[in-house]
Amino acid sequence: MALSAGTRSNGGSANVAQRLQKELMDIMTHPTPGISAFPVDENMTSWAATIDGPADTPYAGLTFKLSMEFATTYPYTAPTVLFKTPIYHPNVDFSGRICLDILKEKWAATMSVSSVLLSLQSLLGEPNNSSPLNGQAAELWDKDMVEYKRLVIARHKNPEELET
Amino acid sequence: MMSRPSVLAAGFHAYPPPAFEHVVHHHHPGVSYRPLPTSRPPELPAGYSQQHTGHHARTATQVRMSGPAYMASDEELAQLQKLSQDYQPETTGPLVGERQSTSALAHEYRDADPAYRVKTASLPDKYAFFRTCRGDGHCGWRAIAFTYFEALLRAADVTRLEDEHVRLRSMHNLLNHAGFAEDVYNDFADEAFELLQRLADSLRALDGSADAVLLDAFNDPSVAMSIITYFKLLASAWIQSHPNDYAPFLDYDVKTYCSLNIEAAQCEIDHVGINALAEAVVKPIGFALEVLYLDRSQGQGDEIDTHRFEPTAPNGQPLQSITTMRLLYRPGHYDILYKVEDVASPMLQQQQPVPTQAPLQVNLAGYTDEFVPMSSNMPDIMTMIPGLYPSGIGQRWPSLSYDCDPNPVPQPQITPVSAYAPTPTPAAPVASSHQEYITPVRASHISYHNPPSNHIQLQPPVNIPMHPAPPQPSLSIDRGPAIVERGGPFRPSMYELEPGFGSGQPHSLPFQTSIFRNSHYNTAHFLNPDFQPEEWSPDSEYATGNRGRHKSTSQ
């Protein structure tokens with residue numbers, strides 16, 4: 001009995017594209033206010049996304065660009081998500097890398113582009129200060145919200161100011 | 001072949017280990033991780049959590065070696081973090097391997113520590129075959145899902161597959177109730193249904209390809225992950241719909257537990273997950289699920305601890321005819337196990353040549369003590385072989401072992417079968433030596449007693465192991481020529497059939513003496529380079545109805 005692990009060797013990426021196609025369709029037909037996402041390459045493995053800062057947070061009124069990269073193992077591995085817009089936040093480092101459980105050990109195959117973006121949006125207003133990537137931000141969040149907000153604004157750039 | 005168990009104890013790399021977290025905090029408090037939930041439900045088998053922790057420690061050590069050696073910069077720490085997150089253990093081999101003889105396991109552990117050696121040495125006697133699952137962190141889920149489909153195939157009943165489709169679909173209520181979006185889980189469920197469909201088609205076509213279809217499907221990463229995810233969702237939905245059954249064993253609320261330990265894409269199954277799958281998927285169709293724990297625990301002497309999920313009829317009574325799915329657990333890893341009768345389905349017989357039916361298929365007994373004759377055209381022949389049924393325990397109690405039986409005589413079957421001395425010419429010289437202690441037995445009613453005195457005479461003193469001595473493979477080399485080499489549950493007996501017995505039966509193979517069949521010259525012997533397991537047909541050979549009497553064999 002011959003193993004044919006490669007019979008559908010292309011199946012991996014084809015299925016990823018299929019699944020992402022479905023997610024895109026879902027986002028287009030049921031748009032969620034405050035988030036957007038769209039593929040930037042034809043095989044759907046790279047997406048650009050935006051989230052609006054939630055009202056009543058230091059991020060209110062700001063828009064953040066993100067990049068999402070999907071491996072061929074998606075949705076069984078989390079997408080790689082980075083903030084492209086500089087952001088001052090306890091759980092995001094200065095390169096835009098994010099520390100969020102659902103992008104790591106809590107990732108589940110039932111999650112999606114929109115659930116990731118919604119989680120990130122809520123992370124803006126509810127940082128996890130017990131495991132910060134930006135220790136200063138975590139401290140300021142608790143102690144000096146005025147200074148915190150000043151740093152948020154100082155660091156922020158509008159999407160049109162970004163080169164990419 | 002496989003480097004176990006360290007390589008296969010995989011899949012937890014996604015969690016930065018607590019040790020790592022500690023180290024990182026030490027040097028750079030800005031980088032941090034959430035600690036891995038390490039505590040486990042209390043009912044876990046001994047060694048469970050510490051074994052998993054062992055795996056974490058491995059990753060941690062690697063990181064620590066490069067971490068504190070110098071003060072790492074942000075970039076370097078991020079790089080380390082990425083390495084840690086992306087760490088993929090070296091996983092080799094197919095996602096699900098071919099079925100192979102468990103003697104390979106005994107062989108693999110021959111240099112391991114005694115606890116493992118003794119346990120694996122006794123394994124081939126009870127469990128003839130096993131199948132590897134790749135240790136990529138999904139092996140437990142994969143092993144259950146695969147054996148589930150395989151057990152369904154065992155009945156070779158198309159209707160059964162179709163019924164399963166309906167039943168699984170009916171469970172989608174649970175999925176909805178647990179809050180899973182239908183269009184999300186349907187992607188995963190559809191792969192499972194499509195596999196059921198393909199298996200049914202293959203059964204209808206009677207082309208014997210169903211096993212290959214199943215194996216192919218589980219070796220297709222995309223199909224396999226879909227099915228595994230579907231099973232995870234079923235388990236999660238089951239736990240969430242039976243919170244009272246599970247909450248006492250969990251450290252979190254049921255929802256959090258499920259998201260961390262069941263639904264998370266990268267999480268190996270734990271005991272709660274196994275339980276949930278057993279309750280949700282396995283037991284309702286009358287399958288039993290058995291997990292053998294091959295670890296260092298000294299539960300029952302040389303026996304491997306077994307946990308069995310037993311299906312019950314709606315009236316609460318145990319079911320009579322049960323298909324059993326068997327898993328072999330080694331710290332951090334699951335593989336699949338089989339008894340001989342598990343694989344002897346009509347379907348399989350089409351794929352492998354069946355040797356001519358001789359009156360004595362004694363080589364089968366070398367692989368199992370569970371051989372159960374199924375038809376009655378040969379009523380008493382099997383019962384004339386002392387030791388063929390050393391346990392006297394029937395198929396319905398497979399988890400019991402013959403080591404429990406009160407026979408005071410040391411059981412030679414713990415001597416690994418690899419101790420066979422080559423028999424230069426299979427038939428002639430052995431036949432004469434046979435005569436020295438073999439009395440032909442024609443009537444079955446006197447064949448059950450092995451006077452202990454006879455027994456001891458027949459065993460060279462050196463060959464009686466002191467309990468719980470590990471097997472001594474080299475001993476048999478010293479045996480005199482009068483000793484007939486045997487493996488498995490056989491022990492020398494004065495009540496033995498003459499080599500010519502049953503010669504009236506048609507033979508196609510030149511050497512069909514029991515000696516030959518027990519030697520490695522037989523292709524059905526696992527030491528034969530052309531090893532080919534013999535298959536038996538439940539419909540055409542052997543007798544039923546003699547199980548009861550075997551109990552007296554070992555008195």
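This is a predicted model: local features need pLDDT of at least 70, side-chain atom pairs count only at pLDDT 80 or more; totals for chains, interfaces and linings use all residues.

Mentor: We'll go through the strands, then the helices, then the rings and the core.

Trainee: OK. What is the strand order in the open sheet of chain B?
Mentor: The order is β1-β2-β6-β5-β3-β4. That makes six strands, with mixed pairing.

Trainee: Which strands stand at the edges?
Mentor: In chain B, β1 (96–101) and β4 (305–309) do. Each has a single partner strand, so one side of each has no neighbour in the sheet.

Trainee: By how much are neighbouring strands turned against each other?
Mentor: By 25° on average, with direction ignored.

Trainee: Which helices pack on the sheet?
Mentor: Helix α6 of chain B, residues 139–154, is one of them. It touches β1, β2, β3, β5 and β6 of chain B. The direction of α6(B) makes about 160° with that of β5(B). Helix α10 of chain B, residues 210–219, also packs on the sheet. It touches β1 and β2 of chain B. Its direction makes about 130° with that of β1(B).

Trainee: Is α10(B) mostly covered or mostly open?
Mentor: Mostly covered. Nine of its 10 residues are buried. Among them are Val213(B), Leu214(B), Leu215(B) and Phe218(B). Asp211(B) and Asn219(B) are buried too.

Trainee: Back to the strands. How many bridges join β2 to β6 in chain B?
Mentor: Three, and the two strands run antiparallel. Arg131(B) has Ile336(B) as its bridge partner. Phe129(B) stands opposite Tyr338(B).

Trainee: And how many join β5(B) to β6(B)?
Mentor: Five, and this pair also runs antiparallel. Here Leu328(B) stands opposite Asp335(B).

Trainee: How many residues lie between the strands in that hairpin?
Mentor: Two. Look at Gly332(B) in this hairpin, which takes a positive phi near 85°.

Trainee: Why is β6(B) called largely enclosed?
Mentor: Six of its six residues are buried, so the rest of the structure largely encloses it.

Trainee: Which of its residues point which way?
Mentor: His333(B), Asp335(B) and Leu337(B) point one way. Tyr334(B), Ile336(B) and Tyr338(B) point the other way.

Trainee: What sits over the ring of Tyr338(B)?
Mentor: The charged end of Arg99(B), 5.3 Å from the ring centre.

Trainee: New topic, ring pairs. How many aromatic pairs are there over all chains?
Mentor: The count comes to 19. Take Tyr76(A) and Phe188(B), a tilted pair. They are 6.1 Å apart, centre to centre, with 55° between the planes.

Trainee: Why does that pair join two chains?
Mentor: Tyr76(A) lies in the loop between β3 and β4 of chain A, and Phe188(B) lies in helix α9 of chain B, so the pair joins two chains.

Trainee: Are those two buried or exposed?
Mentor: Tyr76(A) counts as buried, at 12% relative accessibility. Phe188(B) is at 2% and counts as buried as well. The cut-off for buried is under 20%.

Trainee: What kind of pair do Tyr148(B) and Phe149(B) form?
Mentor: An edge-to-face one, 5.0 Å centre to centre, with 75° between the planes. Both residues are buried. Ring pairs also link them into a cluster, whose members include Phe146(B), Phe193(B), Phe218(B), Tyr230(B) and Phe231(B).

Trainee: Which residues touch the most other members in the largest nonpolar core?
Mentor: Phe149(B) and Tyr230(B), in a core of 83 residues. Helix α11 of chain B, residues 221–241, gives the most to this core, with 12 residues.

Trainee: What is Phe149(B) in contact with?
Mentor: Leaving aside neighbours within four places in sequence, its contacts include Ala192(B), Leu195(B), Leu214(B), Phe218(B) and Ile227(B).

Trainee: What about a second core?
Mentor: A separate one has 43 residues. Its members include Ala78(A), Ile87(A), Ile98(A) and Leu124(A).

Trainee: Last one. Where is Asn528(B)?
Mentor: In the loop between α19 and α20 of chain B. At 8% relative accessibility, Asn528(B) counts as buried. Not counting residues up to four places away in sequence, it touches His520(B), Tyr521(B), Asn522(B) and Thr523(B).

Terms used:
Residues are numbered from 1 along each chain as its sequence is written. Chains are lettered from A and ligands numbered from 1 in the order in which they are written. Side-chain values use heavy atoms; hydrogens and water are left out. Two strands pair if DSSP finds at least two bridges between them. Helices (H or I, at least four residues) and strands (E, at least two) are DSSP runs, numbered from the N terminus. Axes are lines fitted to C-alpha atoms, for helices over the stretch in contact, and angles run from 0 to 180 degrees between N-to-C directions. Contact means heavy atoms within 4.5 Å. Buried means under 20% relative accessible area, exposed over 50%, partly exposed in between (1.4 Å probe, protein chains only). Rings of Phe, Tyr and Trp (its six-membered ring) pair if their centres lie within 6.5 Å; planes under 30 degrees apart count as stacked, over 60 as edge-to-face and the rest as tilted. A charge sits over a ring if NZ of Lys or CZ of Arg is within 6 Å of the ring centre and within 35 degrees of the ring normal. A nonpolar core is a set of buried Ala, Val, Leu, Ile, Met, Phe, Trp, Tyr and Cys residues joined through side-chain atoms within 4.5 Å.
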